[in-house]
Structures are given as structure tokens and as C-alpha cells.
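Me: I'd like to go through this one with you before I set anything up. Could you put the sequence and the structure on screen?

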Amino acid sequence: MEKLRKAVSEIAYAQNHAKLTHLQLSLIPVLRFACSLYKLALSLRRSLYHSGLFRKHRLPVPVISVGNLTWGGNGKTPMAEFIARFLADSGISPLILTRGYAGGDEAKMLHRHLLGKPVKIGVGAKRAAVAARFFERYGYVDPSSTSKHSDGLCIEPKVGGHLSSEKIGAVILDDGMQHWSLQRDLEIVMVNGLTLWGNCHLIPRGPLREPLNALRRADVVVLHHADLVSEQNLKDIDLMLQQVNKSLPIFFTKMDPCYFFDVGNVNSRKPLRDLSNSIVLCVSAIGSSNAFVKGVEKIGAFYVDRLEFSDHHIFQAKDIEMIRRRLRELEDTFGHKPVVIVTEKDYDRDPEIFKHLDPYEVLALCSELKIIPHRECTEDGFKKLLKGDLKDELQGTDTDRN
């Protein structure tokens, strides 16, 4: 099954069929048929929402959706964390709603990163129901009582640097673009600058969850991994997005490596310089393994090898044995013990599995999302846009919410 997933992924991002294997070429007719069924189901689902037969829920607080048009590797969860930190630091207690794929690896990472912050994290496919449980437990800030504030946000008074109330002031939908059952006030669409739209087909023939014209729903587009994209390609992508919507704000982001921790001790901290001149094996099961490997290469390792699995893959004993074989090959080649580097998501999916690689050292790379200044689109500009849009929504929809 893992080989099939990898074959389908390679087809989705292949620009030239001449580079595909016979197996992959034989899969294309099947994928084309499945793609037509998916397109039909997508059209039917959209019609049911537009006709009102499927209900859209309005939550009692502002909703920010962070989503994408393609499968994995677009930086949705890091952006959700970035927004949650900003809101928490602004005096707003946000609720992040996430589906919880593969044992909730993303939710576990968010819990660890946001520990001590007034941020709640709800996990579940039925996000309206999850939100309702959190509102019942913690309460929420009534927008009508805050719309008269000078900044227009759901700001509670702080006492000693902490919120005086745990009431929820905003909701962040992690991977929310296709979650049409919840209305949102701000639609942020993440785009992977390294892979863009792949072969531009809908899944499973391609990586698109929706046709490209769905970008018209976006209020903001964020081009992720922009630091790994050439200047000319950035200009071409910028121009293409502006053709969809001339007034569309476009921000550039990157993942900035911070430190490593040993998988045997999540509280350990190892500086990035410890990797200098090391032999490294990058092991990952994420949506954008290229970005992860390129990031490790920039840290300064002597040699970087890679083993990749499909997004959200659950590592098994046979995978550990495969990794061990590759490590022994590297050790024989270079005469030094290699170091295994994994992503935080892979660690959080199963914190115990990588311990079985002992005596090889296994480190998890911790990174955080940074906004790269691009014309007037800076970090301050993004925060002002976020704050201003929420202010407009609060002032314009008080009547609708009550």
C-alpha cells in the first residue's frame, strides 16, 4: 500500500509522463476514472450547500480558516499556530479546530508548542460539534459586547500578563478550506511554493482538492517555503495569483529551524550547530519532504541522505528495519555513525517507535513559521490585516450573530 501511495503521489506531481514507470502509466486510466467520480461528488456537494440542503453553521465568534487546494505540505498547521500565538498575545483566547489525522500528530505538536498559552485545541471531524462542547465548557466572548472597543477585537482585560477569562474569542480552522459546513470570516489559503498545483488535476489523478478557480474565495494567499524558491519563480507565481484576483494580498513564509530534541527526551535541546559536518539520514512521512530535506541541508551537514514515506504514514517494525539497513550502509561508506533526523509530526505520531533505532542517535527538528518581507507584505502587515479583517467582521455581523 505504501508503494502504491508513493506511485500515485509521483504521478500527481509529474510534469512529464516520459519519466513515469510502466506501473504508474498503467494506473493513469484508473486514476482518471476515479478523478471524474471525485469531480462529480465535489460538484454535488457544492450544489447541496448552495441550495441550502446542507446547512452552514455560524459560530458565535469570528472564524479564521487556514486551508489549501492541494494535499499536505502547505504549512497549514504552522500558520494556525502562528495566528493562535498572535491572538493569545493580543489578549484573545483562540480555539484551534483540527481533524486529527493519523492519531492527531498535528494536535499533539500544537499542544506542546502552545503550552502555557491561553489556546484551546479541539480535535474531531465534526468541528461544529467540537466547538459547541468547548463553548459550553469555557464560554465565549460575545462579539456585540466587544465591537465598541477601539481595536474591534474580542479583547479581555489582562491580569498579571494573563487573560482574566478563559472565554473563547476566536476560532481557527486548521485545514478548513473544504470544510464548508462552517462559515468563516477570513479565508487564508496556503500554497506550497515548491510543488504548487502539481499536474493541475483533481485527486486522485492529481493533488488538487478543488479546481484552481476556488482561489477566488481566498481573502489572503500565503506562499509557503518561499525561501526555497528561485526569485524568478516567485515572480511568476505572484503574477499568476494576481491574475486570479488583483487585490489579493500575497505573503511569503518559510519554516525557520530552531533546535533539535532527542526522541528519547522531548525536553532536551540541541543547537543546530551540533549537526555541522555530520552524516545525516532524513526520515519523514509528511506532505513536503523536499522542503524538510532542503532545510536540513542548509543547516550545514556534511552529507544528507533521505528516506520518505507517504504523508501521515504510521511507522512499523519493518520500516525501522529498512531505516537500520540504510544507516548501516551510510556507516560503511563514510566510516562514521550517521544521525537520524525526523520531523516533529513524525515524532508525535508515535513517540516510541524511533527509540528502536538505538544505538543510532535520532533527533527531531523543531521549526517555526516566519513571514518573509515581500514588498508591503510583512509580518506587521499580516497582523494588521488579520486584526483589521476581524474588526470589520465584528462590526458588520453583530446583528447576524445574535
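**Pockets, loops and a helix**

Me: What volume does the second largest pocket have?

Reply: The second largest pocket comes to about 850 Å³, a volume being the space filled by probe spheres set on grid points that are joined across faces, edges and corners. Of the 43 residues lining the second largest pocket, Pro-78, His-225, Met-255, Ile-286 and Lys-345 are the closest to its centre. A pocket here is an open set of points on a 1 Å grid over the protein atoms alone where a 1.4 Å probe fits, with protein on both sides within 12 Å along at least five of seven lines, and lining residues have an atom within 4 Å of a point.

Me: Before we go on, what sort of model is it?

Reply: It is a predicted model, in which local features need pLDDT of at least 70 and side-chain atom pairs count only at pLDDT 80 or more, whereas totals for chains, interfaces and linings use all residues. Residues are numbered from 1 along each chain as its sequence is written, and side-chain values use heavy atoms, with hydrogens and water left out.

Me: OK, and the largest pocket, how many residues line it?

Reply: The largest pocket has 36 lining residues, and those nearest its centre are Ser-9, Tyr-13, Trp-71, Gly-72 and Asp-311. H1, H2, helix H8 (289–299) and strand E12 (303–308) each give two or more residues to the lining of the largest pocket, and the largest share, five residues, is that of H1. The volume of the largest pocket is about 1000 Å³.

Me: How does the lining of the largest pocket divide by class?

Reply: There are 12 nonpolar, 12 polar and 12 charged residues around the largest pocket, while the second largest pocket has 13 nonpolar, 15 polar and 15 charged. Ala, Val, Leu, Ile, Met, Phe, Trp, Tyr, Cys and Pro count as nonpolar, Asp, Glu, Lys and Arg as charged, and the others, Gly among them, as polar.

Me: Switching topic: is Trp-197 buried or exposed?

Reply: Trp-197 counts as buried because its relative accessibility is 7%, where buried means under 20%, exposed over 50% and partly exposed in between (1.4 Å probe, protein chains only). Trp-197 sits in the loop between strands E7 (186–192) and E8 (220–224), and its contacts (heavy atoms within 4.5 Å) include Leu-69, Thr-70, Val-191, Pro-207 and Met-240. The C-alpha atoms of Trp-197 and Tyr-13 are 7.8 Å apart, although 184 residues separate the two along the chain.

Me: What else is in the loop between E7 and E8?

Reply: Pro-204 is in that loop, and the peptide bond from Ile-203 to Pro-204 is cis, with omega near 5°. Cys-200 belongs to the E7–E8 loop too; its phi is positive, near 70°, in a residue other than glycine, and at 43% relative accessibility Cys-200 counts as partly exposed.

Terms used:
Helix = DSSP H or I, 4+ residues; strand = E, 2+ residues; numbered from the N terminus. Lists of a residue's contacts leave out its neighbours within four places in sequence.
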